[in-house]
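Dear colleague,

Please read them with the structure open beside you.

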Amino acid sequence: MPRAARPLFALLSCTLIAGCGLIPTPSVDVKDARLDLPSSGALSGKVVYLQRDSLAGNSVPAALQQVTVRGVATYRTGGLGTLRAVDMYVRTDLTTLPATCTRYAATPTAPGMVVCDAAGEAAQAIGQLSLTAGQGVPFTLGGPALDAAAKAGHGYFGMRFGSGQSVFGDTLDLTGMNASARL
């Protein structure tokens, strides 16, 4: 290849790579989130969104895509909870909801939440957390719903409780989080 054509080839290659979404951006810190868990026994087959904007103030430019959040999940229980897996979901807001969702106000024994049929929430799925009570476990979340929440600067986390059960008073701490994306 002639020497004069090399810079043009390099420039075209970079443009093609950028157009394919292959250029990662530096990661940014995301505020820690504490999710107050309801008693999950009666919530089988449901996705529970907590009425707390865990991503408030964290947004990314619209040109970015493939947002990934990494961090450490720590399940805390007073001893009776046995939760070992949680499917995670996210919505940018909890004002416009499908008919398959029901809003519940906070009570002395449960946090404020929106409960939706899991079958209608597939598009909001962002990953799964494996949990061990009292121990931090690394996690990675991503997907189109997380992209939308990150661009909006708002994200209400939802959970579908997998193996084991949480009891009222249990918490899920998402700490050391950072987000990265691609241009």
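Does Glu-121 count as buried or exposed, and what is the relative accessibility behind that label? Please bear in mind throughout that this is a predicted model. Glu-121 counts as buried, because its relative accessibility is 0% and the cut-off for that label is under 20%. Its salt-bridge partner is Arg-91, with the closest N and O atoms 3.1 Å apart. Since Glu-121 lies in the loop between strand 7 and strand 8 (125-130) whereas Arg-91 belongs to strand 5 (residues 85-91), this pair ties together parts that are 30 residues apart in sequence. Arg-91 also counts as buried, its relative accessibility being 12%.

The count of salt bridges comes to five, and another one of them joins Arg-34 to Asp-173, where the closest N and O atoms are 2.6 Å apart. Arg-34 sits in strand 2 (residues 33-36) and Asp-173 in strand 11 (residues 171-182), so that the pair ties together parts 139 residues apart in sequence. The two partners carry separate labels, in that Arg-34 is partly exposed with a relative accessible area of 41%, while Asp-173 is buried with a relative accessible area of 6%. Arg-34 and Asp-173 are, moreover, linked with Arg-76 in a network of salt bridges.

A further salt bridge is made by the side chains of Lys-46 and Asp-117, at 2.5 Å from N to O. This pair links distant parts of the chain, with Lys-46 in strand 3 (residues 46-53) and Asp-117 in strand 7, 71 residues apart. Lys-46 is partly exposed, with a relative accessible area of 28%, and Asp-117 likewise counts as partly exposed, at 29% relative accessibility.

Turning to the cysteines, the count comes to one disulfide, formed by Cys-101 and Cys-116 with their sulfur atoms 2.0 Å apart. Because Cys-101 lies in strand 6 (residues 101-104) and Cys-116 in strand 7 (residues 113-117), the pair ties together parts that are 15 residues apart in sequence. The torsion about the S-S bond of Cys-101 and Cys-116 is about 110 degrees, and the disulfide is therefore right-handed. Both Cys-101 and Cys-116 are buried.

Key: Residues numbered from 1 in each chain as written. Predicted model: local features only at pLDDT ≥ 70, side-chain atom pairs only at ≥ 80, totals over all residues. Heavy atoms only, no water. Disulfide = S-S within 2.5 Å. Helix = DSSP H or I, 4+ residues; strand = E, 2+ residues; numbered from the N terminus. Buried < 20%, exposed > 50% of the residue type's maximum accessible area, 1.4 Å probe, protein only. Salt bridge = Lys/Arg side-chain N within 4 Å of Asp/Glu carboxyl O.
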